[in-house]
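Please read them with the structure open.

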Amino acid sequence: MKFTISSSALLSLLATTGKVISNKSSLPILEYFLMDLKDGVLTVTTSDLETTLIGSISVENVEQEGTIAAPAKLMLDSLKEFAEMPLTVEVNYTTWEIKITWASGHPSIPGASAVSYPAVQSMAAESKNLTLDVDLLVSGINKTIFATADDELRPVMNGVYFNFEEGKVTFVATDAHKLVRSVSECADVDFNASFILPKKPANLLRNLLAKEEAPVEVSFDAKNVTFSLENFNLVCRLIEGNYPNYNAVIPAANPNKVLIDRVEFVNGIKRVAVCSNPSTNLIRMDI
C-alpha cells in the first residue's frame, strides 16, 4: 500500500472513526484501524464488536493498493502533530511497518495483518429499509437521549426506542423516572416495526449527522441496524427485548394546562436551581 493524502483529511477521518474504539477492548486487534485502499478510495473501519463505523475518503495519488491494521493511538498521536501538508503513507508487507513521509522527515509505525479483524455484521434477508431526513433524526435523538438509563437489570431502557408506524416515526427514552416521547411525520414509512438503538451508537450517529445534509438510508432487522451516510456507515447491534408500554404512563386527561414563554421558564429554573439540593435537584413551582 502506498498513497499520498492531506494530513488534515486523514486525521479527520481517523479521529471520527476512532470514537468507536473502546478503552478496554476485548480483542487486541480492536485497538487498531482497519485501513483498506481500493479503486482510489481509502476505507477506515473501527469496531468494538457491538458497534462498527466505516468511513471513506477519495485518494488521488495512489501507487499501490492494499490493506493494513494500524494502531489507533499511535496513528492519532502522530497525525495531531502535523500542520496541513501532503503525507505519503507506505506499508511494508514483510515487516508490517507503516512509514509516513513528509518533506523533511518520516516516522515508522508498527502495523499488523488485517486477517483477524472481525467482519461487519450482515443484514438478514427480511430487513426493513427506509430513508430518513437528517433533521428528523437529529431532533429525535437530541430530544430523547438524555432520558436513557444505565440499568444493567433493564437493558431495554439503555437506548432510544424507534417506533415506525404508517406515516410517522416515534422516538422514546425513559429511565423509569422521566420519559420523553417525540413524534415526527415521515411519508417514507409504510410499515410497522421498531428497534432499540443503544446509547453509544446513538451519540455517535448524532455527531456524524451534524455535518450531513443528504437523507440517511436506514436498514434494520431483528438484531442489527445500519445507518448509511454520505461518507460513513454506522452498523450496530440492537438491544433485544420488549420496550415498556410508554403510552400507558403518559396522562391523557390532565385537567390543568399552562402556556408559558420557554426562554423565561428556562431562565427562571436556572436561577433557582443553583440553590437546589445537589442530591435531588428538586425545585418547587407555584402556579
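1. Lysine 73 is exposed in this predicted model, because its relative accessibility of 63% is over the 50% cut-off. Its salt-bridge partner is aspartate 77, with the closest N and O atoms 2.9 Å apart. Aspartate 77 is partly exposed, at a relative accessible area of 33%. Both residues belong to helix α2 (residues 72-79), where a spacing of 4 residues amounts to about one turn of the helix.

2. A network is also present: Lys2, Glu63 and Glu90 are joined into one by salt bridges that share partners. Within it, glutamate 63 pairs with lysine 2, and the closest N and O atoms are 3.6 Å apart. Glutamate 63 counts as exposed at 60% relative accessibility, whereas lysine 2 is partly exposed, with a relative accessible area of 22%.

3. Which parts of the chain does the pair of glutamate 50 and arginine 237 tie together? The side chains of these two residues meet in a salt bridge of 3.5 Å, N to O. Glutamate 50 is in the loop between β3 (41-47) and β4, and arginine 237 is in strand β17 (residues 232-237), so the linked parts are 187 residues apart in sequence. Glutamate 50 is partly exposed at 41% relative accessibility. Arginine 237 is partly exposed too, its relative accessible area being 31%.

4. On the total: the count of salt bridges comes to 10. In general terms, side chains of opposite charge can pair when their charged atoms come close. For the count, a side-chain nitrogen of Lys or Arg has to be within 4 Å of a carboxyl oxygen of Asp or Glu. The pair of glutamate 63 and lysine 2, at 3.6 Å, is therefore included.

5. The largest pocket holds about 370 Å³ of space. Its lining consists of 18 residues, and those nearest the centre are Ser12, Thr16, Leu208, Lys211 and Phe232. Two or more lining residues come from each of α1 (7-17), β4 (51-58) and α4 (199-209). What is the make-up of the lining by class? It has 7 nonpolar, 6 polar and 5 charged residues.

6. A nonpolar patch on the surface is formed by Val258, Ile260, Phe265, Val272, Ile283, Met285 and Ile287. Together these residues have about 710 Å² of accessible area. One of them, methionine 285, lies in the segment after α5 (262-273). Why does methionine 285 count as exposed? Its relative accessible area is 54%, and the cut-off for exposed is over 50%, so methionine 285 falls in that class.

7. Alanine 273 is placed in helix α5. At 32% relative accessibility, alanine 273 is partly exposed. Where does alanine 273 lie relative to asparagine 247? The two residues are 26 positions apart in sequence, and their C-alpha atoms are 30 Å apart in space.

How values were computed:
Residues numbered from 1 in each chain as written. Predicted model: local features only at pLDDT ≥ 70, side-chain atom pairs only at ≥ 80, totals over all residues. Heavy atoms only, no water. Patch = residues over 30% accessible without salt bridge, like charges linked within 9 Å, V, L, I, M, F, W, Y side chains within 5 Å. Areas by Shrake-Rupley, 256 points an atom, 1.4 Å probe, with all protein chains shown as cover. Buried < 20%, exposed > 50% of the residue type's maximum accessible area, 1.4 Å probe, protein only. 1 Å grid on protein atoms, 1.4 Å probe; cavity = no way out; pocket = protein on both sides within 12 Å on 5 of 7 lines; lining within 4 Å. Points joined across faces, edges and corners; volume = space filled by probe spheres on them. Nonpolar A, V, L, I, M, F, W, Y, C, P; charged D, E, K, R; others polar.
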